[in-house]
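Good morning, everyone, and thank you for making the time.

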Amino acid sequence: MSKRVVITGMGIISPIGNSISTYWNNLKNGVCGIDTITAFKEYDLPVKIAGQIKEFNGANWGIDNATARKADRYSLLTYAAAAQAMEESGLIAGDNIDPDKLGVYIGSGIGGMTTFVNESKKLFDEGVRRISPLFIPMMISNMASGNIAIKYNAQGPCLPIVTACATGTHSIGEAFRAISHGYAEAIITGGSEAAINPLSIGGFNNSRALSRSEDPKRASLPFHKDREGFVIAEGSGILVLEEYERAVKRGAKIYAEVCGYGNTCDAYHYTAPRPDGSTAAKALSISLKEAGFNDSDTLHINAHGTGTPLNDKSETIAIKIAIGEQAAKKSIICSTKSMTGHMLGAAGGAECIATVLALKNGIIPPTIGLDNIDPECDLDYTPLVARKANITIAISNSLGFGGHNGCIAIRKLK
């Protein structure tokens, strides 16, 4: 028999806030965290803007100098977000949970790209002997999970997932399954990314995926008629998932219940989504069916909503296929990427947190900048300003390069 799974802690590092309270306040008020890139001037980047972390100080989350020197930026962002989530959860391995019952499922779409760029430069400029002996452990995309497991003595299942922009969502979904099937009692999960550098920007830009707007407030435009690409961003979104009965027994704070998870693949193209939306629709319908979605529900969807021409159109089609045209028209959708930019492998974690907060507070964050909706994107995307809504079920949706589709369904605890 499947066990119920709840969320007992959350932590965020993002372009619009480095705490849950700041992040939520800025989400509901439509604050844009996208800004001009001031670094890398020597490269004359064709893309001038990104969603960058402001005022990040690792010491605020217990990251000492020795740790900072031995970890890539994406791992440091994970340390900070996980510290918030674990403090809020109150879980301590060896005290109120057995170490072998605590797991870590934290992924990164790209991993230690900053380290990769820096050490490659050493190779070309100074020779092979100058490469750091820590190059590999700092770069590999499983190391954030490994570092968090070490820090919190989490000796249970540790499964870093890499599914590009769906990484965070799949990490949360697989953690949900592991707890519901009894493989762990609690899992620290989510995603992290720090890939704002000339190599990443050059690669994404040359594949024509990025917005070239130089106006930060007119760059990330999900579902807009004039959208032209996504805005690259960095961050980390971490949640603590826990088996319901043990969370209640120890008096834990419970945000919401994870009640459904869908996972499919387009099997179509290495970057473009399947145009007919059929496989993305299947992930959405699987998660909603598992969550017991019915006609009496008021549905909120935090869409993948990147602002690329193909994604927004196919995602709109997928929603209609999954729940039918009438239910799709009644659903209240938003894209928080309009404010944060696209945090790649961290997006699923950050957006799941946004989805939980929308459900908990009965407020749908806006899709800012949406003043001219694409006629082919004809659903309710909460344009420009937030609004109140008595939602009963909420979805966090992610679609990744390689055709990876992931969908998490969340309900208020009953």
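Let me begin with a charge and a ring: R4 lies over the face of Y244, at 4.2 Å from the ring centre, where "over" asks that NZ of Lys or CZ of Arg is within 6 Å of the ring centre and within 35 degrees of the ring normal. Please keep in mind that this is a predicted model, in which local features need pLDDT of at least 70, side-chain atom pairs count only at pLDDT 80 or more, and totals for chains, interfaces and linings use all residues. Residues are numbered from 1 along each chain as its sequence is written, and side-chain values use heavy atoms, with hydrogens and water left out.

Now to rings beside rings. A pair of aromatic rings is described by the distance of the centres and the angle of the planes. Rings of Phe, Tyr and Trp (its six-membered ring) pair if their centres lie within 6.5 Å, and planes under 30 degrees apart count as stacked, over 60 as edge-to-face and the rest as tilted.

There are 4 aromatic pairs in the structure. In one of them, F56 and W61, the pair is stacked because the ring centres are 5.5 Å apart and the planes stand at 15°. W61 is buried, with a relative accessible area of 16%, whereas F56, at 22%, is partly exposed; buried means under 20%, exposed over 50%, and partly exposed in between (1.4 Å probe, protein chains only).

F223 and Y381 are stacked too, since their ring centres lie 3.9 Å apart with planes at 10°. F223 is buried at 1% relative accessible area, and Y381 counts as buried at 1%.
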